[in-house]
Amino acid sequence: MKRIHKTLSVTLAGLAWAAPLFTSHGADPASAPQFAQKPCGTVTVAAAADLMYAMNEITGNFEKATGCAVRVSTGSSGNFLSQIENGAPFDVFFSADIEYPRKLEAEGLAAPGSTYPYAVGKIVLWVRNDSRLDLTKGLAALRDPSIQKVAIANPQHAPYGRAAEEALRNAGLYDAVKDRLVLGENISQAAQFVESGNADAGILALSLVLSPGLKEKGRYARVPEDLYAPIQQGVVLIHASQNRQGARAFLDYIKSPATAALLERYGFVLPAKVKP
């Protein structure tokens, strides 16, 4: 049967650079290592949308600890890959799929050997508090006829969308829900669809549903991890970076115990090579 997806998102026109979502503000860095106070300009960061809230805290702490400034844009990892391949002026790329940073290295567009696995992401089924859906049934709850729209990120360029589709297929549910799928440009937009009522349920990143923005607004059930491949996330230093000093300082900060603990608080699992 021909695959049909209803899309509520507005696709980015061409390869226009993603607009910055925010510039971080000071968070309490009390638990962070005290790096030397050496101002190092502004670090421009492209970050997968599942990191939106965690990155806000990380960059705030980093700014307080170092005197550096950080400018973050969030979006889908696949779109950022294309933008960087076409010259987007980022210093650092945090991808929800580690294969994208590796691809940039292979293409000579990232500093050799700089790819670093910073986290493994998880997906969950999420509904608003006013939903009567029985989440104890897990993904099978999506068979409920009251569920008219199910939000996921676009699998074509969003790793969390690919994981959601894979989980639905492996659970034997894809054919039952494919005509009800609505696709967000990234996982953050998919979450917005559910939060706003434009979708009845969503398969979202655990990091987002644990965030201040959604934590009190809904309920979730974890999607069994044997239904989808691990979402291995990686960061890389972009070869054309105009601020390598700041970029390297930020990458070092990502490897700190304080940052590892913060990522775990947002539901990420630390890869074997990341030791808190």
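Student: Why is Thr44 called buried?

Tutor: In this predicted model, Thr44 has a relative accessible area of 17%.

Student: Where is Thr44 placed, and which residues is Thr44 in contact with, beyond its neighbours within four places in sequence?

Tutor: Thr44 belongs to strand β3, residues 42-48. Leaving aside those neighbours, Thr44 is in contact with Arg71, Pro89, Phe90, Asp91 and Val92.

Student: What makes the pair of Thr44 and Pro89 a polar contact?

Tutor: A polar atom of the Thr44 side chain lies 3.2 Å from the backbone oxygen of Pro89. The cut-off for N or O atoms is within 3.5 Å, so this pair qualifies as a polar contact.

Student: Why is strand β12 described as largely enclosed by the rest of the structure?

Tutor: Strand β12 covers residues 231-237, and six of its seven residues are buried; therefore the strand is largely enclosed.

Student: How do you know that β5 and β12 pair?

Tutor: Pairing requires at least two bridges. Four bridges join β5, residues 92-95, to β12, so the two strands pair, and they run antiparallel. Val92 has Leu237 in β12 as its bridge partner.

Student: What joins β6 to β12?

Tutor: Five bridges join β6, residues 116-121, to β12, and these strands also run antiparallel. Gly121 stands opposite Ile231 in β12.

Student: Which residues touch the most other members of the largest nonpolar core?

Tutor: They are Phe94, Leu142 and Ile203, in a core of 79 residues. A second, separate core has twelve residues, including Ala46 and Tyr100.

Note on methods
Residues are numbered from 1 along each chain as its sequence is written. This is a predicted model: local features need pLDDT of at least 70, side-chain atom pairs count only at pLDDT 80 or more; totals for chains, interfaces and linings use all residues. Side-chain values use heavy atoms; hydrogens and water are left out. A nonpolar core is a set of buried Ala, Val, Leu, Ile, Met, Phe, Trp, Tyr and Cys residues joined through side-chain atoms within 4.5 Å. Buried means under 20% relative accessible area, exposed over 50%, partly exposed in between (1.4 Å probe, protein chains only). A polar contact is a pair of N or O atoms within 3.5 Å; within protein, one must be able to donate a hydrogen and the other to accept it, and residues adjacent in sequence count only if both atoms are side-chain atoms. Contact means heavy atoms within 4.5 Å.
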